[in-house]
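Visitor: I'd like to learn how to read a structure like this one. Could you walk me through it, one feature at a time?

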Amino acid sequence: MKEQFDARDPRQFDARLDEWFSAYRDACPQPEPSADFMPRLWARIENRQQFQTVVAWRRWAEAFLSLAAAASLLIVLLQGAPQSTPVYYHSTYLDQLSEDAGPERMLLQEVALADAQAPMPRVPAPEVNRR
Amino acid sequence: MLVDVETVERARDGDAAAFTALVNAYRRRVLGTVARLIGRPDDVEDVAQEVFMRLYDSLGQLRHPQIFEPWLYRLTTNASLDFLRKRKRRPESRMSDLSEQQVLAADARVGTESDRDDREKKRVREFMNELLGQVSEQDRLLLILKEVEGLSLKELESVYDVNENALKVRLFRARQRVLKAFAALREQAPLRKGAV
């Protein structure tokens with residue numbers, strides 16, 4: 001790597017760069033995995049899985065809580081909303097029945113009154129056979 | 001491939017023994033790639049483990065076991081990039097601050113050929129880390145995958161999910177930026193330029 005070259009010439013530089021990369025490849029040490037590489041890897045994978053399970057449960061719980069809160073809010077809103085005045089009966093059932101029969105009774109009374117005031121039709125007397 | 005397709009399929013279907021076999025087959029290669037990509041020896045094993053954890057999580061999505069190796073390279077590249085983004089730091093190893101005269105003097109004092117070889121390798125690593133540290137992480141990773149890991153353009157297509165022409169353009173531009181970085185380094189450290 002001590003040889004001079006003209007870096008302004010792209011061809012020379014390309015060739016030199018290839019040499020440097022080749023030398024770099026040979027110069028880089030090959031790291032060896034530690035003895036506990038696999039056990040540590042499995043432990044990390046299991047930890048992550050447990051964590052993901054907890055996170056998933058937490059999300060479910062949060063979603064459930066949100067739904068429950070929304071439903072509660074909806075119920076409260078419905079309770080507070082103005083409603084139409086309910087029909088309450090203060091009288092007894094029998095009173096109500098008699099009230100309901102009022103118009104019919106009046107009609108009957110009117111008919112009876114009219115009948116009373118109207119002149120009675122003259123019905124010819126039956127002829128008696130005097131023979 | 002270092003393992004057969006059946007092993008990949010069994011691992012994909014949740015077979016723990018097959019997954020262990022996969023990791024055992026590829027862990028040295030992944031460690032080597034991660035070491036070259038992140039340049040931080042202390043963190044290499046952690047990042048490699050992250051690669052295999054991602055592999056475990058995503059293996060079910062691998063439709064064609066034949067492309068397992070590019071898939072693994074993609075995971076390795078992404079995990080290394082994520083690590084570098086988190087750290088926001090360049091590789092620790094840097095070009096020695098010694099002047100060329102000092103290096104030559106030190107070389108002369110080296111006793112054995114093995115020592116000389118180790119020293120030369122160290123200098124190469126430091127120089128290349130310094131040079132590649134001047135370009136973006138994307139350029140550095142692409143160049144390392146192509147020129148150091150020896151991935152073909154076809155394999156890089158699978159890793160980067162772009163076509164060959166786009167990759168050629170990216171590689172060309174990355175090399176251009178390395179050239180610029182080299183020129184800048186030479187200007188900054190004229191004393192060292194004789195060393196390269």
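Guide: Let's begin with accessibility: a residue is buried under 20% relative accessible area, exposed over 50%, and partly exposed in between, using a 1.4 Å probe and protein chains only. Asp161(B), at 61% relative accessibility, counts as exposed. Before going on, some ground rules: this is a predicted model, where local features need pLDDT of at least 70, side-chain atom pairs count only at pLDDT 80 or more, and totals for chains, interfaces and linings use all residues. Residues are numbered from 1 along each chain as its sequence is written, chains are lettered from A and ligands numbered from 1 in the order in which they are written, and side-chain values use heavy atoms, with hydrogens and water left out.

Visitor: Where does Asp161(B) lie? And what is its phi?

Guide: First, how elements are named: helices (H or I, at least four residues) and strands (E, at least two) are DSSP runs, numbered from the N terminus. Asp161(B) sits in the loop between α8 (153-160) and α9 of chain B. As for phi, most residues other than glycine have a negative one. Asp161(B) is not a glycine, yet its phi is positive, about 60°.

Visitor: How many helices and strands does chain A have?

Guide: Chain A has three helices and zero strands, giving the pattern α-α-α along the sequence. Of the 131 residues in chain A, 12% are buried.

Visitor: Where in chain A is confidence lowest, and where is it highest?

Guide: Look at pLDDT, the predictor's confidence in each residue, from 0 to 100. Where pLDDT is low, the predicted coordinates should not be read in detail. Chain A has a mean pLDDT of 80, with 77% of its residues at 70 or more. Within chain A, confidence is lowest in helix α3 (residues 93-117), at a mean of 74, and highest in α2(A), at 92.

Visitor: On to charges. How many salt bridges does the structure hold?

Guide: A salt bridge here is a side-chain nitrogen of Lys or Arg within 4 Å of a carboxyl oxygen of Asp or Glu. The structure holds 28 of them over all chains. Take Arg48(A) and Glu50(B), whose side chains meet at 3.4 Å, N to O. Arg48(A) is in helix α2 (residues 37-80) of chain A and Glu50(B) is in helix α3 (residues 44-58) of chain B, so this pair joins two chains. Arg48(A) is partly exposed, at 24% relative accessibility.

Visitor: What about a salt bridge inside one helix?

Guide: Here's the general idea: an α-helix has 3.6 residues a turn, so residues three or four places apart point the same way. Arg85(B) and Asp82(B) are three residues apart in helix α4 (residues 68-87) of chain B, about one turn, and their side chains form a salt bridge at 3.1 Å, N to O. Arg85(B) is partly exposed at 46%, and Asp82(B) is partly exposed at 25%. A network of salt bridges links residues including Arg48(A), Glu50(B), Asp82(B) and Arg85(B).

Visitor: Where does α2(B) bend, and by how much?

Guide: The bend at a residue is the angle between axes fitted to the seven residues ending there and the seven starting there. For α2(B), that is about 50° at Tyr26(B). At the N-terminal end, Asp15(B) caps α2(B), with a side-chain oxygen 2.9 Å from the backbone nitrogen of Ala17(B). Asp15(B) also forms a salt bridge with Arg10(B), at 3.0 Å, N to O. Gly39(B), with a positive phi near 65°, follows α2(B).

Visitor: Last one: how many aromatic pairs are there?

Guide: Rings of Phe, Tyr and Trp (its six-membered ring) pair if their centres lie within 6.5 Å; planes under 30 degrees apart count as stacked, over 60 as edge-to-face and the rest as tilted. The whole structure has 10 such pairs over all chains. Trp20(A) and Phe182(B) have ring centres 5.1 Å apart and planes at 50°, so they are tilted. This pair crosses between chains, from helix α1 (residues 10-27) of chain A to helix α9 (residues 164-188) of chain B. Trp20(A) is buried at 2% relative accessibility, and Phe182(B) is buried at 2%. Tyr26(B) and Phe68(B) make an edge-to-face pair, 5.2 Å centre to centre with 70° between the planes. Tyr26(B) is in helix α2 and Phe68(B) in helix α4 of chain B, so the pair ties together parts 42 residues apart in sequence.

Note on methods: Polar contact = N/O pair within 3.5 Å; in protein donor to acceptor, adjacent residues only side chain to side chain.
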